Amino acid sequence: MSSSLPSKDFEEGNAYDDDDEGQGRGLVSGENVLQKHVAFFDRNHDGFVYPWETFAGFRAIGAGYLLSLLSSFLINAALSRKTRSGKSLSLDSLMLPIEVKNIQFAKHGSDSGAYDSEGRFVPSKFERIFTQFARTHPDALTSDELSAMLKANREPQDYRGWVASLTEWKTLYMLCKDEQGLLRKETIRGVYDGSLFEQMERERSGAAKKKE
């Protein structure tokens, strides 16, 4: 599946402020946008993401049944404990909930660095993705360029980080590349500010209604 997403919101600046370094538009400073990114999967808005909500979220953005099923288990198994540190073992913890307000504690290594340790957006790190790796088109990544970025971001012996980054970025590429096989800058920016998934769900819902 490929998806070419409209960029009206980005062009009008609805979700962004200018960053201080003139590196293009950044997100609202000081805001934990990583929470917004994860909150999409909190389908009942109770502050927790359970595996069945992760599954529903992946299905809502167009992921296949198998990918959604695998993601719901792997993501929650990897992140639940990190976002609930200090919580005693209970029946609820066995259901692998992710606590949205603590998602920054589950941030893994070998990533782009576009989120800092507090879950805030770092504009210069985001722009680095394209200045360093976008060789074919200045505002998009090819599959090979994406692979080169993942390799360059690897931290020594951080095998979990390698796998996490590979899975996240390759899934994003699979779901959101355009007809030319490019992962566009505005699409990636939408991932970081939490707006992309909601937009994809709206587009799929609208397309389904037109078929009725």
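## Burial and overall make-up

Of the 212 residues in the protein chain, 45% are buried, a term that stands for under 20% relative accessible area, with exposed meaning over 50% and partly exposed in between (1.4 Å probe, protein chains only). This is a predicted model, in which local features need pLDDT of at least 70, side-chain atom pairs count only at pLDDT 80 or more, and totals for chains, interfaces and linings use all residues. Residues are numbered from 1 along each chain as its sequence is written, and side-chain values use heavy atoms, with hydrogens and water left out.

The chain has nine helices and six strands, taken as DSSP runs (H or I of at least four residues for helices, E of at least two for strands) and numbered from the N terminus. Among contacts with a separation of 6 or more, 57% join residues 24 or more positions apart, where contact means heavy atoms within 4.5 Å.

## Aromatic pairs

Across the whole structure, 12 aromatic pairs are found; rings of Phe, Tyr and Trp (its six-membered ring) pair if their centres lie within 6.5 Å, and planes under 30 degrees apart count as stacked, over 60 as edge-to-face and the rest as tilted. One of them joins Phe41 and Phe197, edge-to-face, at 5.4 Å centre to centre and with 65° between the planes. Because Phe41 lies in the loop between helix 2 (33-39) and strand 3 (48-49) while Phe197 belongs to helix 9 (residues 196-211), this pair ties together parts that are 156 residues apart in sequence. Phe41 is buried at 9% relative accessibility, and Phe197 is buried with a relative accessible area of 10%.

The rings of Phe126 and Tyr192 also form an edge-to-face pair, since their centres are 5.9 Å apart and their planes stand at 85°. Phe126 lies in helix 5 (residues 123-133) and Tyr192 in helix 8 (residues 185-193), so this pair ties together parts 66 residues apart in sequence.

## Charges over rings

The charged end of Arg43 sits over the ring of Phe40, 4.8 Å from its centre, a description that applies if NZ of Lys or CZ of Arg is within 6 Å of the ring centre and within 35 degrees of the ring normal. In the same terms, the charged end of Arg154 sits over the ring of Trp162, 5.0 Å from its centre.

## Two buried residues

Leu34, in helix 2, is buried at 8% relative accessibility. Not counting residues up to four places away in sequence, Leu34 touches Ile103, Gln104, Tyr115 and Gly119. Not counting residues up to four places away in sequence, Arg84 touches Phe48, Asp92, Ser93, Pro97 and Glu99.
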